[in-house]
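Please look through the sequence and the model shown here before reading on. The report that comes after them is meant for someone new to this structure.

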Amino acid sequence: MKRVTDSSAPTTPLRRIAIAGASGRMGHMLVEAVREAPDCRLAGALDVAGSAAIGSDAAAFLGITSGVPIVSDLRAGLADAQVLIDFTRPEGTLAHMAVCRELGVQMVIGTTGFSDAQKAGIAEAAKDIAIMLAPNMSVGVNVTLKLLEMAAKALATGYDIEIIEAHHRHKVDAPSGTALKMGEVIADALGRDLKECAVYAREGITGERDPSTIGFSAIRGGDIVGDHTVLFAGIGERIEISHKSSSRATYAQGSLRAVRFLAGQKAGLFDMFDVLGLR
Ligand SMILES: NC(=O)C1=CN([C@@H]2O[C@H](COP(=O)(O)OP(=O)(O)OC[C@H]3O[C@@H](n4cnc5c(N)ncnc54)[C@H](OP(=O)(O)O)[C@@H]3O)[C@@H](O)[C@H]2O)C=CC1
Ligand SMILES: O=C(O)C1=N[C@H](C(=O)O)C[C@H](O)C1
């Protein structure tokens, strides 16, 4: 299979990276991407206690030996790492973050589904360590967010806004973190509060559509990597802005760009707009 690599990757300095959720879908993509990047070294691999992967080599799924075992002891897994890339679950990420904060290990967080209180906890930890948090690491999605900002301002009246996302059958959170971020970007551009205008479900006699709302629809099925469409529906026309991921490699490459960006940071909370210079 052809690999997606970032040709802008510098050859120095070497970044020592630990991966949380190392046996998960994103964990596998990240182990492979780190091993293929000349400026990165796999320095640790974590998974949840009780996982069948504990004790096995992090690259065993590739049919090779990396010399890095998957462990559940956070201190052991982080001992040699400068940065942890974490695509797990909110409760796991927060437990990892407490130890990263203690050890001065930076974090790239791709996990989605955080509550507002959990996000506030991440912002607090970022006073001590550098953290990059984004619900989607792909360049294309982040450019799409910029396009949405512009479209929302230009289509502020007369267009009903609906966000439709589709993901694989294993996804546990809905709407996706990306769909929620799209909603936030659009609501901000329109001077609305997403908490007040989001509609997450419709059933029965719903009444006519309130034009101030932003609707969300989530589809789950098969192996869909991640599709997002924002529909601006007016009278006599519809505009659709879509992004479709066909491989998780794009998220892994975005994560490595974030790792390189963090190399120059002492502390602070960043997102992919900072990494990609889109702010
Ligand atoms: N920001 C982005 O660009 C992207 C974000 N994501 C997000 O990343 C997350 C992971 O996605 P994906 O890789 O598909 O999921 P998987 O379920 O395939 O992988 C999750 C991994 O985390 C482990 N894990 C589960 N619970 C915990 C816990 N409490 N503590 C520590 N580790 C835990 C799992 O172990 P076990 O299998 O043993 O339970 C598994 O190894 C999701 O939140 C998803 O939305 C996904 C793709 C892109
Ligand atoms: O769980 C996934 O797979 C994905 N999750 C992220 C999200 O919730 O937005 C990013 C991407 O869509 C894939």
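The model is predicted. Its protein chain has nine helices and 12 strands. A compact globule of 279 residues would have a radius of gyration near 19 Å, and the 20 Å of the protein chain agrees with that value. Along the principal axes, the C-alpha atoms fill a box of roughly 60 × 40 × 35 Å. Of the 279 residues, 38% count as buried. Among contacts in the protein chain with a separation of 6 or more, 71% are between residues 24 or more positions apart.

**Domains**

The domain assignment gives domain 1 (15-137 + 248-276) and domain 2 (139-245). The centres of domain 1 and domain 2, taken over C-alpha atoms, are separated by 28 Å. Where the two meet, 10 residues of domain 1 are in contact with 10 residues of domain 2. On the side of domain 1 that touches domain 2, helix 8 and helix 9 (272-276) are the elements that give two or more residues. Helix 9 has the largest share of that side, with three residues. By class, the residues of this side of domain 1 are four nonpolar, five polar and one charged.

In soluble globular proteins, nonpolar side chains tend to be buried together. The largest nonpolar core of this model has 53 residues, and those that touch the most other members are Ile17, Ile19, Val83 and Leu84. Helix 8 (residues 249-262) gives the most to this core, with seven residues. A second, separate core has 14 residues, including Leu145, Met182, Phe216 and Val230.

What is valine 83 in contact with, leaving aside its neighbours within four places in sequence? The contacts of valine 83 are Arg15, Ile17, Val105, Gln106, Met107, Val108, Val259 and Leu262.

**Phenylalanine 261**

Phenylalanine 261 is placed in helix 8. Is phenylalanine 261 buried or partly exposed? It counts as partly exposed because it has 18 C-beta neighbours inside 10 Å, while a buried residue needs 20 or more. Not counting residues up to four places away in sequence, phenylalanine 261 touches Met132, Asp274 and Val275. The C-alpha atoms of phenylalanine 261 and isoleucine 129 are 14 Å apart, and the two are 132 residues apart along the chain.

**Ligand shells**

Ligand 1 is surrounded by 25 residues, of which Gly21, Gly24, Met26, Gly92 and Gly110 are the closest. Helix 1 (25-36) and helix 3 (90-103) each supply at least two residues of this shell. The largest share, three residues, comes from helix 1.

Around ligand 2 are Thr112, Pro135, Asn136, His167, Lys171, Ser176, Gly177, Thr178 and Gly226. Why does ligand 2 lie between domain 1 and domain 2? Both domains give residues to the shell around ligand 2, so the ligand lies between them.

The table gives the classes of residue in the two shells.

| Shell | Nonpolar | Polar | Charged |
|---|---|---|---|
| Ligand 2 | one residue | seven residues | one residue |

Technical notes. Residues are numbered from 1 along each chain as its sequence is written. Chains are lettered from A and ligands numbered from 1 in the order in which they are written. This is a predicted model: local features need pLDDT of at least 70, side-chain atom pairs count only at pLDDT 80 or more; totals for chains, interfaces and linings use all residues. A nonpolar core is a set of buried Ala, Val, Leu, Ile, Met, Phe, Trp, Tyr and Cys residues joined through C-beta atoms within 7 Å. A residue is buried if 20 or more other C-beta atoms lie within 10 Å of its own, exposed if 12 or fewer, and partly exposed in between; C-beta atoms are placed from the backbone. Helices (H or I, at least four residues) and strands (E, at least two) are DSSP runs, numbered from the N terminus. Two residues are in contact if their C-beta atoms, placed from the backbone, lie within 7 Å. The radius of gyration is taken over C-alpha atoms; the globule rule is 2.2 Å times the number of residues to the power 0.38. A residue is near a molecule or strand if its C-beta atom, placed from the backbone, lies within 6 Å of it. Ala, Val, Leu, Ile, Met, Phe, Trp, Tyr, Cys and Pro count as nonpolar, Asp, Glu, Lys and Arg as charged, and the others, Gly among them, as polar. Domain bounds come from an automatic or database domain assignment.
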